[in-house]
Amino acid sequence: VCGNRTLIMLYLGKVLRERPYLAFIIILVLFSFFYFHRTIRITAIPSVIGSYPGFDKSNFQYDFSELTPSLDFGNNRTANNASNLYGDRGHINNTFVGGQFYDESLTPGFADVLAQCKALASGGSQSWTNHESLLYRLKMLRTVIPSADQFLSEFKNPCWYDSYDFPANMQYMRYSGRKNIPLSNDLALLKHVGDAKSGPKSKLKCLPYFHLVGFPKGGTTALFYYIEKHPDYVSSCEKEPQWWGNYKIFGEKDRDVASVLYYIKCFDNTTQTFIRGDHSSLITGDGSTTAVWRQPPYTNHEGNRLPCETPLLINELQPKAKYIFLLREPIDQLYSAYWNFCLKRKDPNEFDKMVLFDFQSWKKCLEINSATYCLHKDYADNVCAIDGLMHNLYYMFVSIWMQVIPRDQILFLKSEDLKEDPADVLRRVYKFLELSPVSHEKLLQIVSRQHINEQNFLHKADNGDKFKMLPSTRDLLTKFYKPFNQKLALLLGDDRFLWDDNYHKESRERKLH
């Protein structure tokens with residue numbers, strides 16, 4: 001809903017003109033939803049904690065009976081009152097002082113996970129015999145994608161010729177749009193492809209040349225828009241196919257193979273341009289940020305499933321692919337994501353309560369699970385709860401990917417640099433992607449155009465203190481993220497990723513998206 005407000009308003013306008021009575025019903029339903037949303041929000045929060053395997057909600061230290069609609073959750077509710085419900089701020093502060101939170105003893109098994117990922121990457125798919133999930137997904141991919149040694153050398157993208165073409169009426173769809181389509185549609189697609197297998201291999205198929213990954217509200221949309229403006233870039237079906245990060249697509253053989261075909265379909269228009277143009281210099285890419293942080297869930301009951309499945313599979317299919325990580329200061333990122341994605345009544349006090357609750361949820365998860373499990377657990381798709389907090393533990397995500405992907409194939413960028421000097425960042429990106437040089441004047445022209453995603457709540461920060469984060473919230477988040485940032489900076493050999501120049505500023509609200 002939040003990502004399609006404009007489309008919804010246009011649709012409502014159309015309905016209002018053509019069917020006034022139906023428009024009245026829709027408006028009444030929406031009004032009722034938002035009017036009672038506070039009740040929905042309050043009663044939904046405890047279910048997240050209660051979803052942990054083996055966790056007995058009855059023994060939880062907080063009284064869930066207090067979480068009733070009769071409580072005042074307005075702007076006048078103080079952070080201290082909120083802490084009585086969601087956790088003791090003093091206890092949480094003591095937990096994180098001096099980086100004690102990231103004591104290795106509190107995250108057992110993470111080093112072992114990294115070692116396993118590195119060994120699986122070094123040994124190739126031949127060493128995956130004990131990992132059924134990996135082998136199953138690779139088999140589905142190999143059904144329609146050849147090995148890397150069969151890719152055509154005259155293309156920068158991984159391309160090959162195959163015997164089938166896609167049906168003329170076939171449109172690319174993400175899994176979220178396909179999951180309700182009858183199985184017969186996928187079977188018809190598989191039959192169409194199978195019938196063409198005996199024909200000549202004359203149809204060009206390609207995968208993306210690079211992957212732009214990151215985290216919500218980190219600036220990837222703006223950067224991808226700038227990359228698209230290079231004369232050698234060819235656009236695909238959309239910036240974010242969201243295919244690699246959507247683990248729900250796997251599980252049924254026929255649907256899974258069809259899903260791979262849909263992903264290849266996303267780049268079908270690109271291949272037509274490759275054929276017509278000087279394809280030796282042309283590229284296309286995948287800007288799905290979810291590839292890095294939304295991975296197949298790692299559970300304690302599936303010991304052979306690892307959080308590095310996605311980079312292992314991409315690297316197996318595309319060993320020469322390039323990756324761009326765009327990282328924003330984690331507190332700014334979290335606060336921006338809160339204001340943009342959370343379908344709640346939003347203000348700094350509400351955000352403070354959410355943070356306190358998330359800390360307790362994370363701590364409770366660690367008491368009975370490994371850090372790897374808690375990092376990748378699907379928290380009921382609640383982007384306003386603990387998974388929002390987890391998105392910004394960059395060190396853990398990056399270290400997993402760096403066990404698999406060679407360092408020289410990854411470019412790490414700061415979102416703040418993209419804001420301060422976008423032309424210089426874009427020049428570095430073009431060079432990393434081995435694109436033809438662009439004049440400084442042309443770079444300035446590309447980045448001077450205001451991007452549509454730049455409109456955001458952070459503009460409101462100029463209007464006063466109403467939207468500024470509470471100092472106590474910022475202090476708590478600083479203590480939480482600091483040890484992770486230190487490990488990230490050490491891993492990358494770059495102190496800029498400490499973000500130390502930002503940590504002790506009271507107001508750092510930005511206009512970057």
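In helix α23, K479 and D475 are four residues apart, and so about one helical turn separates the two. In this predicted model, their side chains meet in a salt bridge, with 3.5 Å from N to O.

Salt bridges with shared partners join D165, K205, K265 and D268 into one network. Let me take two of the pairs in turn.

D165, at 34% relative accessibility, counts as partly exposed.

The next pair is K265 with D268. Their closest N and O atoms are 3.7 Å apart, and the two form a salt bridge. Here both partners, K265 and D268, are buried. For the model overall, the count of salt bridges comes to 15.

I return now to helix α23, this time for its packing. Helix α23 covers residues 471-492, and its axis comes within 10 Å of the axis of helix α16, residues 348-368. How are the two helices oriented? Their axes cross at roughly 30 degrees. Since angles under 35 degrees count as roughly parallel, α16 and α23 are therefore roughly parallel to each other. The crossing of these two helices is left-handed.

S399 lies in helix α19, which spans residues 394-402. With a relative accessible area of 1%, S399 is buried. How far apart are S399 and L114 in sequence, and how far in space? The separation is 285 residues along the sequence and 7.6 Å from C-alpha to C-alpha.

On backbone geometry, I would point to two residues. K217 has a phi near 65 degrees, a positive value in a residue other than glycine. K217 is located in the loop between β3 (210-214) and α10 (220-228), and its relative accessibility of 11% means that K217 counts as buried. Q242 also has a positive phi without being glycine, in this case near 55 degrees. The loop that holds Q242 runs between α10 and α11 (253-265). At 13% relative accessibility, Q242 counts as buried.

Finally, I turn to the surface. Which residues form the nonpolar patch there? The patch is made of Y21, F24, I25, L28 and V29, and together these residues have about 550 Å² of accessible area. L28, one of the patch residues, is found in helix α2, residues 20-35. Its relative accessibility is 45%, so L28 counts as partly exposed.

To close, I would recall two points for discussion. One is the network that joins D165, K205, K265 and D268 through salt bridges with shared partners. The other is the left-handed crossing of α16 and α23.

Conventions
Residues numbered from 1 in each chain as written. Predicted model: local features only at pLDDT ≥ 70, side-chain atom pairs only at ≥ 80, totals over all residues. Heavy atoms only, no water. Patch = residues over 30% accessible without salt bridge, like charges linked within 9 Å, V, L, I, M, F, W, Y side chains within 5 Å. Areas by Shrake-Rupley, 256 points an atom, 1.4 Å probe, with all protein chains shown as cover. Salt bridge = Lys/Arg side-chain N within 4 Å of Asp/Glu carboxyl O. Buried < 20%, exposed > 50% of the residue type's maximum accessible area, 1.4 Å probe, protein only. Axes fitted to C-alpha atoms, helices over the stretch in contact; angles between N-to-C directions. Parallel < 35°, antiparallel > 145°, perpendicular 65-115°, else oblique. Left-handed = near helix turned anticlockwise from the far one by under 90°.
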